[in-house]
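Me: I'd like to learn how to read a model like this one. Can you walk me through it, one feature at a time?

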Amino acid sequence: ASHIAGDLPRALDVLRRWDQSEAASAKGGVREPSPESTELELYYAQVLAEADRVTDALAWLEQRSARILDRTAAADMRARLLCAAHRHADAAAIFRKLLNLNPENVST
C-alpha cells in the first residue's frame, strides 16, 4: 500500500522488515529460494530504482542473485537498471543475450 501511495521510503522499510523477518525464521539460517522470494527480491529492487536508488538496486540484485529463480527476469531488470545508470554498453550486452534466448521478445 505504501508503494501505491507513493511513499517509497516507507515501502522500502516494510520490505526491509519483511526481509529481516524471513531471515530470522529461516531453518538453519538458510533461506531456500522460491517463486515468492524471487518476486519479492525483484520487487525490492524495483522500489529501490523508483526511489532513485539505481545503484542500490543493482547491488541488491547482485547480492540476492542466488535467491532469484527467474534468471531471465533478473537479467532484464539488471539491463534496464544499467540503462538508467547510463551504463549502456553493459546493458546492451545483457539485452543481446536475452534476445538470443528469445528473438521474438520485443518487450526489451
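Reply: Let's begin with contact, which means heavy atoms within 4.5 Å. This is a predicted model, so local features need pLDDT of at least 70 and side-chain atom pairs count only at pLDDT 80 or more, while totals for chains, interfaces and linings use all residues. Residues are numbered from 1 along each chain as its sequence is written, and side-chain values use heavy atoms, with hydrogens and water left out.

Me: Which residues does L15 touch, not counting residues up to four places away in sequence?

Reply: L15 touches L40, Y43, Y44 and V47. L15 itself is found in helix α1, residues 8-25. Helices here are DSSP runs (H or I, at least four residues; strands are E, at least two), numbered from the N terminus.

Me: How many helices and strands does the chain have?

Reply: Five helices and zero strands, so the order from the N terminus reads α-α-α-α-α. The C-alpha trace spans about 40 × 30 × 20 Å along its principal axes.

Me: Is L15 buried or exposed?

Reply: Buried means under 20% relative accessible area, exposed over 50%, and partly exposed in between (1.4 Å probe, protein chains only). L15 has 8% relative accessibility, so it counts as buried. L12, also found in helix α1, is buried too, with a relative accessible area of 2%. Leaving aside neighbours within four places in sequence, L12 is in contact with Y44, V47, L48, A51 and R53. Over the 108 residues of the chain, 31% count as buried.

Me: Why might residues three or four places apart matter when I read a helix?

Reply: An α-helix has 3.6 residues a turn, so residues three or four places apart point the same way. Now try α4 (71-84): its buried residues are A74, D76, M77, A79, L81 and L82. They pack against α2 (35-50), α3 and α5 (88-101).

Me: What span does α4 reach from its first C-alpha to its last?

Reply: The expected span of a helix is 1.5 Å times one less than its number of residues. With 14 residues, α4 reaches 20 Å, close to the 20 Å expected.

Me: Which residue caps the N-terminal end of α4?

Reply: D70 does: one of its side-chain oxygens lies 3.3 Å from the backbone nitrogen of T72. After α4 comes H86, whose phi is positive, near 65°.

Me: What joins the side chains of R67 and E41?

Reply: A polar contact is a pair of N or O atoms within 3.5 Å; within protein, one must be able to donate a hydrogen and the other to accept it, and residues adjacent in sequence count only if both atoms are side-chain atoms. The one joining the side chains of R67 and E41 is 2.8 Å.

Me: Where are those two residues found?

Reply: R67 is in the loop between α3 (54-63) and α4, while E41 is in helix α2. R67 is buried, with a relative accessible area of 10%, and E41 counts as buried at 0% relative accessibility. Beyond four places in sequence, R67 contacts W18, R31, E32, P33, S37, T38 and E41. For E41, counted likewise, the residues touched are D19, W60, R64, R67 and I68.
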